[in-house]
Amino acid sequence: MIIGLTGGIASGKTTVSSFLKAKGFLIFDADKIAKEILEQEEIKKEIVFNFDEEILDNNLEIDRKKLKNIIFKDKKKLEKLNGIIHPRVYKFFEKISKGQKLEELVIFDVPLLFESGIDKLCDKTLLIWASRNIRIERIMKRDNIEYSLAQKIIDSQMSDEEKMKRADVVIENNGSIDELNEKVERFCENL
């Protein structure tokens, strides 16, 4: 069985993923896969071609912070980057899903699960949800960014309402980590 784990930025999805990994589940993390794709020389060249050399650091590597500031201020540039990265991430997950045995239970940890279409490769989807205000506070604290950029990042993703309509299971995460872990434990018991 393949479970697609998702949630908007700063919803607690990574915390849930870590909890599930500690319980022994096999996790495939889309963010890590995307980072590996970004490090491929042909991909770097394509991104620099599309975003200019202003996104490079002093070592001529892609500066992810500079890139983040550019793409979340211009929706067309975000779509351009997603058009480069998402098809390759999808192919990775498609290959994994075709190789899974029915008795194996794996987690596809994908922030943009529904946006990328990877949810179609999953048997069940789990959405971790937190209120917008809590997520904005978490992003600002975690990433040391300003309020307006935190809002733009959230606004660039599919709405919570749409994700809730598409998800098989929704776990609310406006409380403590212990409360979240207890909810995830109950979810695991029903698998």
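This is a predicted model: local features need pLDDT of at least 70, side-chain atom pairs count only at pLDDT 80 or more; totals for chains, interfaces and linings use all residues.
Residues are numbered from 1 along each chain as its sequence is written. Local features need pLDDT of at least 70, side-chain atom pairs count only at pLDDT 80 or more, totals for chains, interfaces and linings use all residues, and side-chain values use heavy atoms, with hydrogens and water left out.

**Exercise 1.** Find how H3 is set against H5, and which residues make the contact.

Step 1. Take H3 as residues 41–51 and H5 as residues 75–99. Helices here are DSSP runs of H or I with at least four residues, strands are runs of E with at least two, and both are numbered from the N terminus.

Step 2. Read the geometry. The angle is about 165 degrees, and the axes lie 11 Å apart. Axes are lines fitted to C-alpha atoms, for helices over the stretch in contact, and angles run from 0 to 180 degrees between N-to-C directions.

Step 3. Classify. H3 and H5 are therefore roughly antiparallel. Angles under 35 degrees count as roughly parallel, over 145 as roughly antiparallel, 65 to 115 as roughly perpendicular and the rest as oblique.

Step 4. List the contact (heavy atoms within 4.5 Å). H3 brings Glu42, Ile43, Glu46, Ile47, Asn50 and Phe51; H5 brings Lys77, Lys80, Leu81, Ile84, Ile85 and Arg88.

Step 5. Sort by class: six nonpolar, one polar and five charged residues. Ala, Val, Leu, Ile, Met, Phe, Trp, Tyr, Cys and Pro count as nonpolar, Asp, Glu, Lys and Arg as charged, and the others, Gly among them, as polar.

**Exercise 2.** Now treat H2 and H5.

Step 1. Their axes come within 10 Å, crossing at roughly 120 degrees. H2 and H5 are therefore oblique to each other.

Step 2. On the H2 side stand Ala30, Ile33, Ala34, Ile37 and Leu38; they meet Ile85, Arg88, Val89, Phe92 and Phe93 in H5. Nine of these residues are nonpolar, none polar and one charged.

**Exercise 3.** State which elements supply the lining of the second largest pocket.

Step 1. H1 (13–22), S2 (26–29) and H2 (30–38) each supply at least two lining residues.

Step 2. H1 gives the most, with five residues.
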